[in-house]
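Student: Let us take this model apart by question and answer. Please put it on screen.

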Amino acid sequence: MRVELQELTKAFGDVVAVDHVDLEIKSGEFTALLGPSGCGKTTTLLMIAGIYRPTSGAIVFGDRRVEQLHPRDRGIGMVFQSYALYPHMTVEENIGFPLDVQKGGIDRSERTRRIREASELVRVDELLARRPAQLSGGQQQRVALARALAKRPAVLLLDEPLSNLDARLRHEMRGEIKRLQKEVGITSVFVTHDQQEALTMADRVAVINRGHLEAYDTPETLYDRPPNRFVAEFIGDPKMNFVPVELARRDGMLQYRHGELGLDMEAAVASPGADGLPPAGLLGIRPEDLRIVAPDRGDLRGEIYVIEPSGREKLVDVQSGEKVFRVVAEPGFHGEIGDAVGLHLDRERLHLFDSESDKRLL
């Protein structure tokens, strides 16, 4: 089922929570709504679900506008952050509850068949006689998924369903939900503030900030070519480093300069739009695109401020003047706090943004 949001807006009094969002989710696609707390992503999901009515705009399922329909008439299944399981019911009764209250009803044999299919799909078919209090967090989440799927919805909505799980279970369930979504082929919308969840699970990611849609693209594109500074800073862990620079173009090369840091380098540029570059910009450098070298071999010089081991790699903060750069050190790196080092920038992986509009240049 294709889902389209057209100029979707939601205001609570004078506060605009969602501001003219346009978004198309293709049939069978898994889309993540990603952004910081309070950005409007859950409000958007609740409008798709029918729990909130839009202030203006349209919600289209397939070829049918649904923004005025009751939630039960939209053909959606929803998994909440809290799972919302009924504690006095068994797993079987919880999964079957939406079928019992479904408009028009279904016969008992069909109900039994759907419960069995949904429970087998999420691997809780051996837990049907238990109650929620007898289940782990991961098992409760699977039951909530089975309950949503038993309705055979056209659209599956998930509101941060992994936030109550520990790190190991979150990792496990990310893979399970992605496998399940692809196996069923259901159009799904997933709300999260965790970029790792969005990038690993979704086909496309909608980045929302203060009610506005900042970007909507594949995880790879958003990471490699973020359209503005907010997306560049929000997506990526560790976060992107930013440096204000003076710009000039000469003989097909783009020159970056920052006098106080001693940065004076150039990189090949093929974009015809480079002729209209402003005289200054904001250089974005991901930590993995910096390499620690000898002081006399770097584009920048500084000293090691702090080292953070993180398993296979080390995160190193290098202070250059007043600026601290975060670096993902190469395997085998050895250094001590206070060591003088150089930083080499990968010229093919640099990002450049307008200092005033924050939009991507080139």
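Student: Which residue in the turn of the β17 and β18 hairpin has a positive phi?
Tutor: This is a predicted model: local features need pLDDT of at least 70, side-chain atom pairs count only at pLDDT 80 or more, and totals for chains, interfaces and linings use all residues. Residues are numbered from 1 along each chain as its sequence is written, and side-chain values use heavy atoms, leaving out hydrogens and water. The hairpin of β17 and β18 has 2 residues between its strands. With phi at about 65 degrees, the turn residue is G321.

Student: How many bridges join β17 to β18?
Tutor: Strands are DSSP runs of E, at least two residues, and helices are runs of H or I, at least four, numbered from the N terminus. Two strands pair if DSSP finds at least two bridges between them. β17 runs antiparallel to β18 (residues 323-329), with K314 partnered by A329. The bridge count is 7.

Student: What is phi of G311, in the turn between β16 and β17?
Tutor: β16 (residues 300-310) and β17 (residues 313-320) run antiparallel, joined by 7 bridges. I304 stands opposite V318. The hairpin has 2 residues between its strands, and phi of G311 is positive, about 80 degrees.

Student: What is the strand order in the open sheet of 4 strands?
Tutor: Strands of a sheet pair through backbone hydrogen bonds, either parallel or antiparallel. Here the pairing is antiparallel, in the order β2-β1-β4-β5.

Student: Which strands are at its edges?
Tutor: Inside the sheet, β1 (residues 3-12) and β4 (residues 56-61) pair over 5 bridges. There V3 has F61 as its bridge partner. An edge strand pairs on one side only, which gives β2 and β5.

Student: Which strand does β7 join through 5 bridges?
Tutor: β7 (residues 155-159) also pairs with β6 (residues 76-79), in the parallel sense, over 4 bridges. The 5 bridges run to a parallel strand, residues 187-192, namely β8.

Student: How many residues of β7 are buried?
Tutor: Buried means under 20% relative accessible area, exposed over 50%, and partly exposed in between, with a 1.4 Å probe and protein chains only. One face of β7 holds V155, L157 and D159, the other L156 and L158, and both are covered. The buried count is 5 of 5.

Student: Is E29 buried or exposed?
Tutor: E29 lies in the loop between β2 (15-25) and β3 (30-34). Its contacts (heavy atoms within 4.5 Å), beyond neighbours within four places in sequence, include Q181, D203, R204 and Y216. Its relative accessible area is 10%, so E29 is buried.

Student: Is R210 buried or exposed?
Tutor: R210 sits in the loop between β9 (204-209) and β10 (212-217). Its phi is near 50 degrees, a positive value in a residue other than glycine. Relative accessibility is 70%, so R210 counts as exposed.

Student: What is the relative accessible area of R152?
Tutor: R152 is in the loop between α4 and β7. Here too phi is positive in a residue other than glycine, near 55 degrees. R152 is partly exposed because its relative accessible area is 43%.

Student: Which residue does a cis peptide bond join to D237?
Tutor: Look in the loop between α8 (229-234) and β11 (241-250). Omega is about 5 degrees, and the residue joined to D237 is P238.
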